[in-house]
Amino acid sequence: MSGETTITIIGNLTDDPKLNFTQTGTAVASFTIASSARTYDKSVEQWKDGEVLFMRCSAWRDLGEHVAESLTRGTRVIASGRLRMRTYETSDGDKRTVTEMTVDEIGPSLRFATAKPQKAARTGGSGHGGAPADPWASVTPANAGGPWQGDEPPF
């Protein structure tokens, strides 16, 4: 979307994602990503951690459900999304402003770990707007009677 601030953050989840549902039944997962820069200090020949950024994040609908099911505390992730500023008033009457990230894409980092992605089954009416069926999900080729057979692609 034009004019929105998008960022990518790499870090570790500080806790298991919390899955909640709005009054209309829309799923939203809330979690925090902690990210810090590491620099090598040649004078003492050691790695040093810099300031830590704690980014509050939310993932909506199917993505939120997948995050809550797949990721846990301590998982190193790569997340991309849009920054949002929200202002609220505390019970003492103080006004506070927070910056949060609405996650569009997220996955585990494979730098220090491995993962085995598994395609999630589609659920009807979760904001996909009647997306077409996945043509690669079919076991039988569309031109099954065509000139090719078995697992060979037609191209």
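Among contacts (heavy atoms within 4.5 Å) with a separation of 6 or more in the protein chain, 58% join residues 24 or more positions apart. The model is predicted, so local features need pLDDT of at least 70 and side-chain atom pairs count only at pLDDT 80 or more, while totals for chains, interfaces and linings use all residues. Residues are numbered from 1 along each chain as its sequence is written, and side-chain values use heavy atoms, with hydrogens and water left out.

Confidence comes next. The mean pLDDT (the predictor's confidence in each residue, from 0 to 100) of the protein chain is 84, and 77% of the residues reach 70 or more. Over residues 126–131, pLDDT stays under 50, and the model has six contacts there beyond four places in sequence. Residues 141–146 also have a pLDDT below 50, with three contacts beyond near neighbours in sequence. Where pLDDT is low, the predicted coordinates should not be read in detail.

The protein chain holds one helix and six strands; these are DSSP runs, numbered from the N terminus, with helices being H or I of at least four residues and strands E of at least two. Along the sequence, the pattern reads β-β-β-β-α-β-β. Of the 155 residues, 22% are buried, where buried means under 20% relative accessible area, exposed over 50%, and partly exposed in between (1.4 Å probe, protein chains only).

Strand β3 (residues 27–41) has several partners, where two strands pair if DSSP finds at least two bridges between them. Strand β1 (residues 6–13) runs antiparallel to β3 and is joined to β3 by two bridges, with Leu13 opposite Ile33. Strand β2 (residues 18–21) is also antiparallel to β3, through four bridges, and here Phe21 faces Ala27. In the hairpin of β2 and β3, five residues lie between the strands, and Gly25 takes a positive phi near 95°.

With strand β4 (residues 46–60), β3 pairs in the antiparallel sense over 13 bridges. Four residues separate the two strands of this hairpin, and Glu45 in the turn has a positive phi of about 55°. Asp41, in β3, is partly exposed at 23% relative accessible area and touches Gln46 and Lys48, not counting residues up to four places away in sequence.

Tyr40 stands opposite Trp47 in β4. A search of the whole structure finds one aromatic pair, and Tyr40 and Trp47 form an edge-to-face pair, 5.4 Å centre to centre with 65° between the planes. Rings of Phe, Tyr and Trp (its six-membered ring) pair if their centres lie within 6.5 Å; planes under 30 degrees apart count as stacked, over 60 as edge-to-face and the rest as tilted. Tyr40 is partly exposed at 42%, whereas Trp47 is exposed at 51%.
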